[in-house]
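Here are some friendly notes to read beside the model. Please keep the structure open as you go through the points.

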There are 2 protein chains.
Amino acid sequence: MSTFLLPSTLMASLLAATPQPSPASAPTAAQLQVAERLVGPALSEGHAWTRLAEITDGIGPRLSGSEGAEAAVQWALRSFKADGVKAWTEPVKVPRWVRGEERAELLSSERFRGRPLTVMALGGSGATPVEGVTGEVVEVFSLEELATLGERVKGRIVLFNHTMEKPEDYGRFASLRSRGPALAAKAGAVATLVRSLATASLNTPHTGATRFEDGIAPIPAASVTVEDAELLHRLLAGGGPVRVKLVLGCKELPEADSFNVVAEVKGREKPEEIILLGAHLDSWDVGTGAHDDGAGVVMVMEAARLLAKQKPAPRRTVRVVLFMNEENGLRGAKAYAEAHAAELPRHVAALEMDAGGGKPLGVSLRAGEGAAELVRPWLSPLVGVGSGNLLAQEAGGADLTPLLPARVPFFGVRQDGTHYFDVHHTHADTLDKVEPEALAKSTAAVAWMAYVMAEMPGVLPRPPAPPAPAAPAAGPVKSSGH
Amino acid sequence: MSTFLLPSTLMASLLAATPQPSPASAPTAAQLQVAERLVGPALSEGHAWTRLAEITDGIGPRLSGSEGAEAAVQWALRSFKADGVKAWTEPVKVPRWVRGEERAELLSSERFRGRPLTVMALGGSGATPVEGVTGEVVEVFSLEELATLGERVKGRIVLFNHTMEKPEDYGRFASLRSRGPALAAKAGAVATLVRSLATASLNTPHTGATRFEDGIAPIPAASVTVEDAELLHRLLAGGGPVRVKLVLGCKELPEADSFNVVAEVKGREKPEEIILLGAHLDSWDVGTGAHDDGAGVVMVMEAARLLAKQKPAPRRTVRVVLFMNEENGLRGAKAYAEAHAAELPRHVAALEMDAGGGKPLGVSLRAGEGAAELVRPWLSPLVGVGSGNLLAQEAGGADLTPLLPARVPFFGVRQDGTHYFDVHHTHADTLDKVEPEALAKSTAAVAWMAYVMAEMPGVLPRPPAPPAPAAPAAGPVKSSGH
């Protein structure tokens, strides 16, 4: 209702650039028949599962800059080709951090005999000298508590402890891992141990990215298992000093050339309007990235394969982007947003599958007012896979954050993540942890929702612009549940 | 009803040596008051838990022959003294096997890129050459299947796979670990991988004893995680050879001097009649043996502490035996049975707590006919801890097997073992896995049942003699659930 009028030429070009929403409408009988040809094969053919075996058992871990990551790029190109989906690579310069020797030990005291601690370097961690670093442990439960310690951090090993119990706690505590080590370094700590961000543990360390801003020299930063964090806590609570020796041989190598893999199913009527289906091709260097994010990769690939078979093609273009470097830099996401800046106003919806291979629970949206009403009439084909309801007004994914300033509407398929953080970023994130039926159901939901976004008569209203500081803060910290 | 008459002198001496059962009777009011003074403190004082923290956090792993095992012997002596319970050591010669470097890798093929496998040497394993041993993997699911392979085992690495899912499966599959490697060695295998005997896994290897009989040179024998066993299975099922390299640096050192720790609360009326309460002081060299068998140790120690406070003392003697070397040799159990052979007819009941720190589910017996009727009237004080019922006619423990030929009646407190094999013989068998309330309840049940056996007017009828071959077969294989 603003009375301010834009010059009519500018107004016209903006309207041309950014598609406008239309009134709600239900799918036609022909459109509903497409649901059978998407949901049916996704549930029955097991194609996503076969692909997941290829990328996990066949290729293995895929940390940015590694041979595995490069193998995954080539595999993705080959696979899209086999599926009849046009695909290409887009260049991304990635950090190349490599793990080395890693071990720690509790040094003996009068109260305990010492013993090995189970640690795993965090991505981005600095190395210790070859002989290791030794220090007295000081424990904090928050970044705020660290700030209150002042001089007591100097020369110490900071233990970031916490009380994560359920998946929803990840968001509360992830900054201990991503930002804690840098803050401890600033305060004079010689090393840090971060309690693994885990919902279950059999002495299982969880890696993940930590970030040292420019000007802060990385210090050794390792995750420690829940068990060993609790041991250190009990020993500290028992009084007297607790000393630990930590050896980390990780290295930051020169940046490497890598790629996003992009694939498209061209729209029949509005090929310039783009539905982005994202997932990330890289993984951590432990385990085989089955849930994180092999599952997401094969779901969006399968959606493209099934959509490419539809005649006629959907109204708009469906573009799959397999991002590189989600885990430790988001370079792929940033490169995509830069390379495609001019197109972003015509990105009419974007999804990222990056919450594992759990069964679908519902559809989510992050869009302007009225979006839910547009989408709701199209959800009936998902009732059978347990996903026919609209959940909270929130959707996204770390690789989508660079799209926020362009006000791209996000949609998502919410999944059961009960056991996601049991294996997230661990040696245990392997194919056996993904349930084939759950993967197939989520794949079906993604395929249908991609079609819905590509085929609906109108597009989703765009969400309001995000608050200014939120836009560029696309660091390696994943949002809760990712 | 035999008409055969023994010479009356021999008959008299046998009757004197082996106490005879009496008719059933209920406890008196005074005896029931003792229940309050045993069950009450066991539930409220947390003394067993404190002791469990000492032996796990304070001492750590306790493999036979290690410094930890020796520290545990000294700790037990000190602790009994502090509790006012007379204690001493009895010598046991123990094997001394030590873990070294251990790693394995899947070698690349056209179908997969290779990668590390997570392995852990089995106790008793042979070493590989420093550079490791490489071989093609052949998979079997049973010892019978191995026997059918004949020449196909020569020069291969045998993968013993299985389908363990629940605690009850342990008994079915444990022989793959304990006997499989020796049988594979006989058949010409160069090494073996045994799928971990686990009810949960986060890429968690489980160790345990394997046995090479005299004349069979030990070959390298490692457990492999459930995840990696399933990976190998999938790759083998996919066709084509799967080659693995295994490096194990373990060693068998000369035997060492060690000890059982024995403690006694003397009986007031029949001090020569002995109720044996057993547990084992040794553990594996990974984790801190919290469930296996720190929990058992502190339960029987706490029973002795509480019984020692009772005035008057119970009718019979309660003897605690903390056995050394249950895990990889049963040398403590054998040494005890030999040193106390003359006393075994006067062992009127024996229990071993070696199934973790779970909550009590009931009382079990392995005795002659009529035993249940004698015990049942004494169970009411355990109703409140969920253990007031008599379960199956089976009780025992690996360290009690040498007492079988002497027909010693066994009693037990059955415990919830749902999660026992999640952590059994792993790095994750640590204090945090034991639930304080469950430990306290099981401790209460042990203390009361020890009193019952020591105080009942009569003793349990002795069970029939075991079948001849079962008696000496006291190898390191634990029975199901232990």
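**Notes on the two-chain model**

1. At 4% relative accessibility, B:H425 counts as buried, where buried means under 20% relative accessible area, exposed over 50% and partly exposed in between, with a 1.4 Å probe and protein chains only. Its phi is near 65°, a positive value in a residue other than glycine. You will find B:H425 in the loop between α12 (420-423) and α13 (436-455) of chain B; helices (H or I, at least four residues) and strands (E, at least two) are DSSP runs, numbered from the N terminus.

2. A word on conventions: this is a predicted model, in which local features need pLDDT of at least 70 and side-chain atom pairs count only at pLDDT 80 or more, while totals for chains, interfaces and linings use all residues. Residues are numbered from 1 along each chain as its sequence is written, chains are lettered from A and ligands numbered from 1 in the order in which they are written, and side-chain values use heavy atoms, with hydrogens and water left out.

3. B:N203 also deserves a look: its phi is near 55°, again positive in a residue other than glycine. This residue is in the loop between β7 (191-195) and β8 (221-224) of chain B, and at 10% relative accessibility it counts as buried.

4. Please check the cis peptide bonds. In chain A, the bond from A:K311 to A:P312 is cis, with omega near 0°, and A:P312 is found in the loop between α9 and β12 (316-323). In chain B, the bond from B:K311 to B:P312 is cis, with omega near -5°, and B:P312 sits in the loop between α9 (290-308) and β12 (316-323).

5. How far apart should the ends of helix α3 (residues 47-59) of chain A be? At 1.5 Å a residue, its 13 residues should span 18 Å, and the end C-alpha atoms are 17 Å apart, which agrees; the expected span is 1.5 Å times one less than the number of residues. Among the buried residues of α3(A) are A:R51, A:L52, A:I55 and A:D57. Their cover includes α4 (67-82), α9 (290-308) and α13 (436-455) of chain A, together with β3 (115-117) and α8 (226-237) of chain B. After the helix comes A:G60, with a positive phi near 90°.

6. A:S387 lies in the loop between α11 (371-375) and β15 (410-415) of chain A and counts as buried, at 0% relative accessibility. Beyond its neighbours within four places in sequence, A:S387 is in contact (heavy atoms within 4.5 Å) with residues including A:P360, A:L382, A:V413 and A:A445. A polar atom of its side chain is 3.5 Å from the backbone nitrogen of A:G362.

7. Now the interface: 32 residues of chain A are in contact with 32 residues of chain B. The two chains bury about 2,300 Å² between them, 52% of it on carbon and sulfur atoms; buried area is the accessible area (1.4 Å probe) that two parts lose on being put together, summed over both. A:D57, A:R113 and A:L202 supply 32% of the area that chain A buries against chain B, more than any other three residues.

Methods: A polar contact is a pair of N or O atoms within 3.5 Å; within protein, one must be able to donate a hydrogen and the other to accept it, and residues adjacent in sequence count only if both atoms are side-chain atoms.
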